[in-house]
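Welcome! Here is a short briefing to read alongside the structure below. Please keep it in view as you go through the points.

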Amino acid sequence: MKAHGSSAGKWAGRTVLVTGSAGFLGSQLVRALGEHSVRVLGLTRAGAAARVPEPGVESVVGDVRAIDSLVQIFNHHKIDVVFHLAALASPNRSREDPLLAFDVNARGTWNLLEAARGAATVPRMVLASTDSVYGESDGAPFTEAMPVRASYPYEASKACAEIAAQCFAATFGMKVAIARFCNIYGPGDLTGSRLVVSTVEAALSGRRQVLNGDGRAMRNYLYVDDAVEALMRVPDAMGRHDLAGTVVNICEDTPYSVLDVVGRVFGQVGQPDLAPILGAGLPGEISIKFASAARARELLDWQPSVSLDEGLRRTIAWHRERRAAGVPA
Amino acid sequence: MFGGTYAGRNVLVTGHTGFKGSWLVLWLRHLGARVVGVALDPPTTPNHFEACGAAGDVTDLRVDVRDFPGLRGVLEAHRPEIVFHLAAQPLVGEGYADPRGTFEVNVMGTVNVLEAARLCPSVRTVLVVTSDKTYRNLGWEWSYRETDALGGHEPYGGSKACAELVTEVYRQRSFQDNAAAPRALSIASARAGNVIGGGDWSVARIVPDFVRAAMAGADLTLRNPHATRPWQHVLDCLAGYLQLAARMDAAPGAFEGAWNFGPNEAEAMPVEALVRAMLALWPSARTRVVVTPDPPGREAHALRVDSSRAIHRLGWRPCWAVEETLRATVGWYRAAAEQAAGGAVRPGAMREASLAQITAYWHAARAAGIGWAQ
């Protein structure tokens, strides 16, 4: 598969604020932006400043939960585009601490919207969301017109963030679009609760993968470079289409079962006979969840360019390099 | 009334200093409940809460629902069994002026109340009051049912749609059982709108706007004269809330989810007709009606809720027709105006007026054979 066109060439000279710039997707995004002569501001919480920012990223101290800090940033910098990626992204952690999930994911979003609304030049915004807001599927792919059916704190907090963004778009004409991502994987992700990370680590360690369920759950997976490319296309697409308040699924169209993904990883690592250990399902886990990227193809002129096998190959190579360099898993 | 549920029970009302909240406090006290209220100061001057001296009916606490530790402390100290969550930023117009504040109060306030309730072992039942504006307004002529899609397009409606999502999460057994501190609660939401009655002095609502004009002898400008709204008396709506919470308390798990409480279809009336009907009930008012239409697109038009679920399952239905609703409403304000004009406010007069309306409403509901009133 080939990416249509490219996001390159349109970014030079712009100032971009990325919240969550130290996260998995955020760090890959700022790296890509850095290749296009973009001034990248990475929102960094005061206590987290010790972490070394990506090269070329200017740390701006603030917190999505503290609106005053956001207002200051918009007062001090003329920001053209905001990518809002900061979130409490763990469904399990959100279940344990729902206050924190709503505080960061929902409240953080309307704080950012309000601060951006008050800027001298209101920036274009992209809110990163999740296809988990769709809830359970009846087997058909999720399309953006379907209602949200969030029944856990993480999903509901992201759905609230989306509603806030849509209200700011409809009420104040803010150019904010919503990117609903499926599972993103690739080099740079170290979140052990994610399937690809834990599977690659298990395979490279010669351990059997232990699954939470029976492995038949269907998901779609998107290689991180494709996710970044899609994100970077949204602001310019806003110039061609009225995307204010619009939701766009960003995903690979093809769903794969958990067992299929595990099998591919162990096959590539040379351990095809190391079968996973199956377990009982997690409460609330969605058994079938995959979205259609038809709208993204149409509006963003985008489609994934990295197949699952190729993406897994690159991901495994990255984990191998880390291990060879002695970086702890 | 209400199967005797409330006599001697500990009940928490958030937003008890507001219009609906203060009527609810009076009614709960009338039913024999011990009421704890958490709210900010009354939102307007004057207001129904102070007009009725309702502070004497309630453990009157000034706690912001955005303050989770404060809220949790109240629940731990007072151990309510039933919680009515009414505290909100309730005005569509204020949502445009302060969208962040509106989301903050209406969404995080709901999260905080539900989390505090989940962590408080005494709480059995929580009723979250949202709004008819929680629905995604598709502009159609049918009434909206509880199963229709959510998603207000402006900050107030959007914040109430979010409050519904939050409520649904907390209602889910799968969440309750797998939360850090598992405990089952009965949780429901109530959706109503265009509620009128004595004692509302909010800004940019048609009845208080009319009352202010009538009391001042001023002209009244109508923004949306032809906008047809399903007007409902506050006691009609509160009877639904009280009956729903009573049924949830009696049969945990059986009456959860979302419930619409709206008036009969026939009670819908254009704004201008409503105002002229109120003028007819207040003959001494020298108010003239001036029509200055707003630019289109501000408020959602003609959204009605379908109350079939509540009517068929709860033993509730609307009681007062629009004529009685307006008679009670205007009667209350005229009494308040006479008190104010006399210069010597008789202590307890407006409290008596409100309690008399509660009693009259109950008698009307009983005579009509409505389940909760028997």
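Two strands count as paired if DSSP finds at least two bridges between them; helices (H or I, at least four residues) and strands (E, at least two) are DSSP runs, numbered from the N terminus. In chain B, 7 strands form an open sheet with parallel pairing, in the order β3-β2-β1-β4-β5-β6-β11. This is a predicted model, in which local features need pLDDT of at least 70 and side-chain atom pairs count only at pLDDT 80 or more, while totals for chains, interfaces and linings use all residues. Residues are numbered from 1 along each chain as its sequence is written, and chains are lettered from A and ligands numbered from 1 in the order in which they are written.

**The sheet of chain B**

- At the edges are β3 (58-62) and β11 (257-260) of chain B, each of which pairs on one side only.
- From one strand to the next, the twist averages 20°.
- Strand β6 (residues 186-191) of chain B pairs with β11(B) in the parallel sense over 4 bridges, and B:Arg191 stands opposite B:Asn260 in β11(B).

**Helices on the sheet**

- Helix α1 (residues 19-30) of chain B lies across β1 (10-14), β2 (34-39), β3 and β4 (82-85) of chain B, and runs at about 165° to β2(B) (axes are lines fitted to C-alpha atoms, for helices over the stretch in contact, and angles run from 0 to 180 degrees between N-to-C directions).
- Helix α3 (residues 68-78) of chain B also packs on the sheet, where it touches β1, β2 and β3 of chain B.

**Where the chains meet**

- In total, 29 residues of chain B are in contact with 28 residues of chain A (contact means that C-beta atoms, placed from the backbone, lie within 7 Å).
- On the side of chain B that touches chain A, α5 (99-118), α6 (155-171) and α7 (173-178) of chain B each supply at least two residues.

**Helix pairs across the interface**

- Helix α4 (residues 98-117) of chain A packs with α5(B) at an angle of about 175°, their axes 10 Å apart.
- That makes α4(A) roughly antiparallel to α5(B) (the term applies to angles over 145 degrees; those under 35 count as roughly parallel, 65 to 115 as roughly perpendicular and the rest as oblique).
- Residues making this contact include A:Phe102 and A:Trp110 of α4(A), and B:Phe103 and B:Met108 of α5(B).
- Helix α5 (residues 153-172) of chain A and α6(B) pack with their axes 9 Å apart, at an angle of about 175°, and are therefore roughly antiparallel to each other.
- Among the residues in that contact are A:Cys160 and A:Ile163 of α5(A), with B:Cys162 and B:Leu165 of α6(B).

Methods:
Contact = placed C-beta atoms within 7 Å.
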